[in-house]
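Please look over the sequence and the model before reading the points below.

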Amino acid sequence: MAGKTKGGASALPIDTILRGDCIAELKKLPDASVDLVFADPPYNLQLGGELHRPNNTRVDGVEDEWDKFDSFAVYDDFTKAWLSECHRVLKDDGALWVIGSYHNIFRVGATLQDLGFWILNDVVWRKSNPMPNFRGTRLTNAHETMIWCSKGEKAKYTFNYDALKVANDDLQMRSDWLIPICNGGERIKDLNGHKAHPTQKPEALLHRVLIGSTNPGDVVLDPFFGTGTTGAVAKMLGRHYIGIERELDYIRVARHRIKHVKAIDGDGLEVMRSKRKETRIPFGMVVERGLIKPGQKLVSANAKFAAKVRADGSLSADGETGSIHKIAAHVQGLTACNGWTYWHMQQKKELICIDNYRKKIRKELGAAGAA
């Protein structure tokens with residue numbers, strides 16, 4: 001699957017599935033070249049024989065050779081090798097997510113810290129429809145754990161806090177995510193009607209990860225690509241992907257799947273942005289640009305209070321002068337008030353909130369910066 005390149009001479013193979021051993025293929029990628037790694041490595045389940053349901057039907061579990069390691073030491077060496085390469089290819093402001101079960105996630109977490117990654121959160125993926133414990137010998141295993149980390153303790157990283165908050169009905173996104181496992185039409189089947197991959201992750205999980213920790217145009221690397229969930233969601237959300245997979249059957253499924261994904265474009269890719277990250281626009285800039293002129297009267301939304309604009313961008317009302325915020329608070333007898341949303345200007349037969357002018361300037365500055 002031929003992909004485009006990004007980064008000039010670096011020749012980064014974006015929107016491509018690389019076939020081969022993940023460590024060998026990772027070594028071919030340039031330093032500091034990807035924005036995010038999402039890794040779903042082998043869990044090293046250490047299964048002790050077949051598992052059957054009470055009706056004696058066989059459970060279709062993870063019995064593939066790629067999940068088998070001779071010892072914990074061998075698994076730890078493998079983990080250190082691929083994580084070391086991921087650390088190298090991550091940009092300084094990049095981040096990594098890795099998902100696992102109780103069989104492996106604690107070993108992976110220790111290796112992450114040993115290699116210098118800085119853990120930001122562990123996220124519990126609570127499965128709303130987990131597989132029961134058929135033998136009745138343990139608790140139902142109803143969750144998996146994801147570790148989210150930056151490249152180092154002082155590293156900056158993308159976190160679209162407001163986007164995840166609004167997605168959670170304006171409540172802070174918590175670190176326990178209730179999302180069902182793949183079933184029904186989302187579960188990809190092979191020609192015989194069996195699961196194409198035993199550990200296929202739900203697209204909803206990747207959607208939340210990518211919305212929260214990447215931006216449109218970012219490059220997402222998945223070193224254990226499987227049937228391509230990361231690539232499918234990345235394409236849909238306007239991100240680029242690089243997949244690494246050694247099993248040809250999985251690659252064929254992933255290519256077919258991603259080919260039929262329709263990418264979102266335009267305003268559909270926009271998410272809520274933190275106001276702290278927005279360009280600061282002083283009210284004086286609005287006056288300087290002539291969008292609101294000195295001497296103009298501003299009024300509250302109910303027209304109960306009024307103030308006059310001065311040449312330096314300050315306001316005057318009732319013998320007091322000050323910023324749009326100070327005077328908005330003063331006329332109401334408050335200690336603080338957001339003047340941008342409080343003050344309005346009469347324009348023809350309607351009141352226009354002055355925050356519209358701030359947004360206009362921000363948009364112009366953003367367009368100029370992108371040009």
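The points that follow go from the chain as a whole to its cores, its helix contacts and some individual residues.

The model is predicted. The protein chain contains 11 helices and 16 strands. It has 371 residues, of which 44% count as buried. Among the contacts in the chain with a separation of 6 or more, 66% join residues 24 or more positions apart.

**Nonpolar cores**

- The largest nonpolar core has 33 residues, and those touching the most other members are W97, M146, W177, V209 and L210.
- Several elements each give two or more residues to this core: strand 4 (34-39), strand 5 (90-100), strand 6 (118-126), strand 7 (143-150), helix 4 (161-167), helix 5, helix 6 and helix 7 (248-259).
- Helix 5 supplies the largest share of the core, with 5 residues.
- Leaving aside neighbours within four places in sequence, W97 is in contact with L36, V37, F38, A39, V123, M146, I147, W148, W177, V209 and S213.
- A second, separate core comprises 31 residues, including L18, C22, I105 and V219.
- As general background, nonpolar side chains tend to be buried together in soluble globular proteins.

**Helix 5 and helix 6**

- The axes of helix 5 (residues 203-213) and helix 6 (residues 229-236) come within 9 Å and cross at roughly 55°; helix 5 is therefore oblique to helix 6.
- The crossing in which helix 5 passes helix 6 is right-handed.
- On the helix 5 side, the contact is made by E203, L206, H207 and L210. On the helix 6 side, T229, T230, A232, V233, A234 and M236 take part.
- By class, the residues of this contact are 6 nonpolar, 3 polar and 1 charged.

**Helix 2 and helix 3**

- Helix 2 (residues 72-89) packs on helix 3 (residues 105-114) at an angle of about 45°, and their axes are 10 Å apart; helix 2 is therefore oblique to helix 3.
- Helix 2 passes helix 3 in a right-handed crossing.
- F72, Y75, D76, T79, K80 and L83 of helix 2 meet R107, V108, T111 and L112 of helix 3.
- This contact has 5 nonpolar, 2 polar and 3 charged residues.
- E85 is also found in helix 2. E85 counts as buried because its relative accessible area is 11%, which is under the 20% limit.
- Neighbours within four places in sequence aside, E85 is in contact with I23, L26 and K27.

**Helix 9 and its surroundings**

- In helix 9 (residues 324-332), the buried residues are I324, I327, A328, A329 and V331.
- These buried residues pack against helix 8, strand 12 (306-309), strand 13 (315-317), strand 14 (320-322) and helix 10 (339-342).
- The residue that follows helix 9 is G333, and its phi is positive, near 75°.

**Exposed loop residues**

- E270 lies in the loop between helix 7 and helix 8 (283-288). E270 counts as exposed because its relative accessibility is 55%, over the 50% limit.
- E270 and N215 are 55 residues apart along the chain, and their C-alpha atoms are separated by 9.1 Å.
- A303 is found in the loop between strand 11 (297-299) and strand 12. Phi of A303 is near 60°, a positive value in a residue other than glycine. A303 counts as exposed, at 54% relative accessibility.
- K348 lies in the loop between strand 15 (344-347) and strand 16 (350-353). K348 has a positive phi of about 60°, although it is not a glycine. With a relative accessible area of 81%, K348 is exposed.

Terms used: Residues are numbered from 1 along each chain as its sequence is written. This is a predicted model: local features need pLDDT of at least 70, side-chain atom pairs count only at pLDDT 80 or more; totals for chains, interfaces and linings use all residues. Side-chain values use heavy atoms; hydrogens and water are left out. Axes are lines fitted to C-alpha atoms, for helices over the stretch in contact, and angles run from 0 to 180 degrees between N-to-C directions. Helices (H or I, at least four residues) and strands (E, at least two) are DSSP runs, numbered from the N terminus. Angles under 35 degrees count as roughly parallel, over 145 as roughly antiparallel, 65 to 115 as roughly perpendicular and the rest as oblique. A crossing is left-handed if the near helix is turned anticlockwise from the far one by less than a right angle, and right-handed if clockwise. Contact means heavy atoms within 4.5 Å. Ala, Val, Leu, Ile, Met, Phe, Trp, Tyr, Cys and Pro count as nonpolar, Asp, Glu, Lys and Arg as charged, and the others, Gly among them, as polar. A nonpolar core is a set of buried Ala, Val, Leu, Ile, Met, Phe, Trp, Tyr and Cys residues joined through side-chain atoms within 4.5 Å. Buried means under 20% relative accessible area, exposed over 50%, partly exposed in between (1.4 Å probe, protein chains only).
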